[in-house]
Amino acid sequence: MDLESFHRRSIEDRDGFWAEQAGLIEWHKPFGKVLDYSRPPFARWYVGGETNLCHNAVDRYLRTQPDAPALHFISTETGEERSYSFAQLHREVVRMAAIMRGLGVGRGDRVLLYMPMIPEAAFAMLACARLGAIHSVVFGGFASRSLASRIDDARPKLVVSADAGSRNGRVIAYKPLLDTAIGLAAHKPERVLMVDRGLAPFESVAGRDLGYAALREQHLGDDVPVTWLESNEISYTLYTSGTTGSPKGVQRDVGGYAVALAASMKYIFCGNPGETYFCTSDIGWVVGHSYIVYGPLIGGMATILYEGTPLRPDPGILWQLVERHRVSVMFSAPTAIRVLKKQDPSWLSRHDLSSLRTLFLAGEPLDEPTARWISEGLGRPVIDNYWQTETGWPILTVAHGVEKTPTRFGSPGKAMYGYDVRLLHEQTGEEVGTNEKGVVAIVPPLPPGCMQTIWGDDERFVRTYFTSIPGRQVYSTFDWGVRDPDGYYFILGRTDDVINVAGHRLGTREIEESLSSHQAVAECAVVGVADALKGQVAVAFAVLRDPAQAQDARAREALEGELMAVVDRQLGAVARPARVHFVGMLPKTRSGKVLRRAIQALSEGRDPGELTTIEDPAALEQVREALTG
Ligand code: AMP
């Protein structure tokens with residue numbers, strides 16, 4: 001079938017199409033209704049059906065391929081390597097589930113994971129899924145304040161963490177950050193389960209903290225049956241940044257997510273049971289949820305969990321792993337490839353890559369030179385794919401499992417099945433024409449696998465995503481895009497204040513709030529500025545309470561360092577601005593709105609355009625001077 005007909009059927013015969021895809025996973029009890037859309041924009045998929053993500057990712061393969069590899073863990077940071085077959089993975093997940101059950105965790109309870117890339121993180125996610133507990137993984141690069149706000153929102157019964165992670169040979173202790181976060185949070189988790197890697201000694205809080213290794217010994221032989229869940233029960237929440245300072249808990253279901261992932265493995269990633277999938281992301285991001293843990297395993301593939309960077313011990317490490325584990329499908333981010341592009345290209349040809357069919361890249365715009373360089377260097381197709389934490393799987397890409405549609409440099413591809421994608425005029429809500437810029441929107445219902453709501457806040461879900469386009473209730477991605485006459489989309493950047501640093505999505509407001517917590521700062525603005533390596537970096541402009549504090553270059557430098565350290569401490573190094581400039585005032589409209597787009601334009605050396613609403617044009621001059629000075 002051609003992609004266009006496939007796509008058309010998914011929209012016009014939604015029930016028929018998705019009922020068919022539901023056969024890609026195993027159900028304990030069949031569903032009654034494919035879609036309940038009686039309360040738009042809330043979509044309920046596979047109503048009444050009972051299934052379980054852990055069953056579909058692990059138990060299911062005990063029958064057909066118990067000894068096939070399921071998980072390869074490689075840490076080039078610590079030198080550890082461990083591999084688990086489906087049967088072994090099953091044992092570890094059941095043990096983890098037994099520990100959690102013993103700590104009183106059950107259906108609907110939240111478990112927050114703050115973990116490095118170690119197998120226990122995957123065990124914990126799958127154990128939650130097994131028990132019907134809701135996991136909330138917080139990226140290990142986030143620091144105490146980010147973590148505290150997520151603890152308060154998720155209100156977990158249990159936190160699972162580890163002594164430390166490691167990056168670029170540097171041990172990053174997690175426990176002190178976690179202890180500080182729990183201190184800051186209003187909600188106190190009852191228990192903290194600690195995986196001790198022996199990297200960073202830590203203090204245990206009596207009565208709260210428990211060691212994983214000892215508990216695992218106690219539960220070695222326990223059996224924990226799968227808890228069958230109604231398809232619309234919650235599998236997990238995952239926090240993501242938006243335009244306000246408070247992160248949103250993107251909430252996902254069970255059945256719809258399992259079907260969406262299984263379908264994407266078949267039609268988009270084209271992976272087969274027994275093969276190996278290598279995704280270089282982190283379990284703290286949605287890509288890690290969908291394509292390190294759940295997707296490949298649901299597809300019966302072995303997945304690689306890699307703690308390390310693309311450059312250590314040498315720039316050939318990713319390809320060495322492809323060769324060693326006979327990887328067929330690989331998934332990475334454009335930034336990782338741009339990092340490699342600075343190295344000797346011969347690193348791409350030193351390993352046997354004959355197993356590799358396709359390299360998928362996502363998370364940020366993929367520029368043509370980078371796509372061309374890696375595709376030619378590997379001699380393999382590179383497939384860009386565009387999606388969001390909210391959707392859980394690709395919105396735009398090509399689906400070679402349906403049709404071998406050619407890719408086009410600079411474009412992530414076409415609308416995927418299930419997504420009724422439109423480009424709409426920001427103000428009128430009308431559809432824009434071919435080659436015209438519009439907001440990338442999706443006519444609801446959103447397909448299976450997409451967010452159900454914002455955790456604990458249905459009203460915010462509707463208000464945030466479904467009211468920004470006037471006159472119609474459509475889902476906004478908050479990305480600009482254009483479509484060419486052949487249906488290929490091109491993404492042109494965000495319509496809101498979200499920035500994308502090396503594929504990491506950050507809210508400028510969160511960074512502004514963090515900087516403003518320093519007593520020297522009166523107010524500040526953070527914008528995303530184009531960067532050749534990371535796509536974008538955050539750049540801050542701060543107004544000081546006492547301008548004398550930025551009197552000379554030395555004072556400015558010291559204060560800039562201090563402010564960066566505040567962000568490091570509160571939010572984590574991922575959010576640290578590349579520069580903090582000091583200005584006497586920020587350019588604002590007469591109604592007091594900071595003109596972030598004008599600041600961004602100046603920071604990128606562009607003309608800020610006509611600014612008729614500006615309160616005081618001298619503020620722009622100050623920004624210009626700060627940038628050149
Ligand atoms: P996240 O929710 O962290 O995955 O970030 C989603 C955002 O990243 C999207 O709204 C886009 O702005 C950007 N993004 C993700 N994938 C792509 C891609 N393939 N091309 C361009 N932008 C992308």
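Author: Buried here means under 20% relative accessible area, exposed means over 50%, and partly exposed lies in between, with a 1.4 Å probe and protein chains only. The model is predicted: local features need pLDDT of at least 70, side-chain atom pairs count only at pLDDT 80 or more, and totals for chains, interfaces and linings use all residues. Residues are numbered from 1 along each chain as its sequence is written, and side-chain values use heavy atoms, with hydrogens and water left out.

Reader: Which residues of β15 are buried on each side?
Author: Strands (E, at least two residues) and helices (H or I, at least four) are DSSP runs, numbered from the N terminus. Strand β15 covers residues 248–252, and five of its five residues are buried. One side holds Lys248, Val250 and Arg252, and the other holds Gly249 and Gln251.

Reader: Which residue stands opposite glycine 249 in β15?
Author: Two strands pair if DSSP finds at least two bridges between them. Strand β14 (residues 236–240) pairs with β15 in the antiparallel sense over five bridges. Opposite glycine 249 stands tyrosine 239.

Reader: And in β25, which residue stands opposite glutamine 251?
Author: Strand β25 (residues 453–454) runs antiparallel to β15, and two bridges join them. The residue opposite glutamine 251 is threonine 453.

Reader: Turning to the ligand, how many residues of its shell are nonpolar, polar and charged?
Author: A residue is near a molecule or strand if one of its heavy atoms lies within 4 Å of it. By that rule 14 residues surround the ligand, and the closest are Asp384, Thr389, Asp479, Arg494 and Arg505. Ala, Val, Leu, Ile, Met, Phe, Trp, Tyr, Cys and Pro count as nonpolar, Asp, Glu, Lys and Arg as charged, and the others, Gly among them, as polar. The shell divides into four nonpolar, five polar and five charged residues.

Reader: How much of the ligand's accessible area does the protein cover?
Author: Polar side-chain atoms lie 2.5 Å from a ligand oxygen in aspartate 479 and 3.0 Å from one in glutamine 388. A side-chain N or O atom of asparagine 500 is 3.2 Å from a ligand oxygen, and a polar contact is a pair of N or O atoms within 3.5 Å. Accessible areas come from the Shrake-Rupley method with a 1.4 Å probe; for residues, only the protein chains shown count as cover. Of the 500 Å² that the ligand has on its own, the protein covers 93%.

Reader: How far from cysteine 450 is the nearest cysteine sulfur?
Author: A disulfide is a pair of cysteine sulfur atoms within 2.5 Å, and a search of the whole structure finds zero. Cysteine 450 is buried, with a relative accessible area of 5%. The nearest cysteine sulfur, that of cysteine 279, is away from it by 18 Å.

Note on methods. Polar contact = N/O pair within 3.5 Å; in protein donor to acceptor, adjacent residues only side chain to side chain.
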